[in-house]
Amino acid sequence: MVLAPLHPKAHAVLLAYQNQTLGIFSAYVLAFSSQHADKLGPDNRLPLSGIVGPSDTSTLPLTPLFAHLSKMARKPKARSLFVATSGHNDTFSDVGELARTVRHGVHLNKHSIPTVEYILDPKLPLNAYLYDFFIHGQVDALVNMNGLRRADARVRSDSETNM
């Protein structure tokens with residue numbers, strides 16, 4: 001069973017929460033990257049190949065083209081320089097993007113950030129297994145109809161919930 005779309009007011013509350021969470025974690029990464037830039041070192045390693053580029057551009061020839069490009073270049077602190085080459089700065093659209101494109105040396109796991117992105121994604125229908133359980137209370141139906149593992153669908157006894 002799939003749940004109906006969220007009520008607009010509930011959607012607005014969750015969206016506000018999501019934006020606040022993204023803002024908090026973006027600010028954290030930006031502050032951490034700025035404060036620990038010397039420990040993190042230059043962000044000059046390509047993410048997949050690990051190839052290291054030049055960390056000191058002062059040795060490159062100072063041509064008018066290079067001077068112009070240096071002046072126009074984005075200088076992100078939190079985002080990977082590799083990703084910044086495609087025009088991105090330190091503004092992130094969602095928590096997944098933040099975790100995927102953060103600079104070398106900063107480790108984020110998007111699954112450890114309290115996000116509701118998947119609840120807000122209209123392409124992902126919300127499974128009604130909790131609603132189903134509150135209606136019928138049958139663990140077998142949760143396991144068989146919704147694909148939950150039996151251990152995840154275990155119901156606590158009264159003695160466990162009162163501890």
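Me: How far apart are the end C-alpha atoms of helix H1 (residues 8-35)?

Reply: This is a predicted model, in which local features need pLDDT of at least 70 and side-chain atom pairs count only at pLDDT 80 or more, while totals for chains, interfaces and linings use all residues. Residues are numbered from 1 along each chain as its sequence is written, and side-chain values use heavy atoms, with hydrogens and water left out. Helices are DSSP runs (H or I, at least four residues), numbered from the N terminus, and the expected span is 1.5 Å times one less than the number of residues. Helix H1 has 28 residues and should therefore span 40 Å, in agreement with the separation of its end C-alpha atoms, 40 Å.

Me: Which helices do the buried residues of H1 pack against?

Reply: Buried means under 20% relative accessible area, with exposed over 50% and partly exposed in between (1.4 Å probe, protein chains only). In H1 the buried residues are Gln 18, Thr 21, Leu 22, Ser 26, Val 29 and Ser 33. With contact taken as heavy atoms within 4.5 Å, their packing partners are helix H2 (37-40), H5 and helix H6 (117-120).

Me: Which residues form the salt bridge found in a search of the whole structure?

Reply: A salt bridge is a side-chain nitrogen of Lys or Arg within 4 Å of a carboxyl oxygen of Asp or Glu. The search finds one. Its N to O distance is 3.0 Å, and the side chains that meet are those of Arg 79 and Glu 97.

Me: Where in the chain do Arg 79 and Glu 97 lie?

Reply: The pair links distant parts of the chain, 18 residues apart. Arg 79 is in the loop between helix H3 (64-72) and H4, and Glu 97 is in helix H5 (residues 95-101).

Me: Is Arg 79 buried or exposed?

Reply: The relative accessibility of Arg 79 is 1%. Arg 79 therefore counts as buried.

Me: With which side chain does Glu 97 make a polar contact of 2.4 Å?

Reply: A polar contact is a pair of N or O atoms within 3.5 Å; within protein, one must be able to donate a hydrogen and the other to accept it, and residues adjacent in sequence count only if both atoms are side-chain atoms. Glu 97 is itself buried, at 11% relative accessible area. Its side chain has a polar contact of 3.0 Å with that of Arg 79, and the contact of 2.4 Å is with the side chain of Ser 93.

Methods. Helix = DSSP H or I, 4+ residues; strand = E, 2+ residues; numbered from the N terminus.
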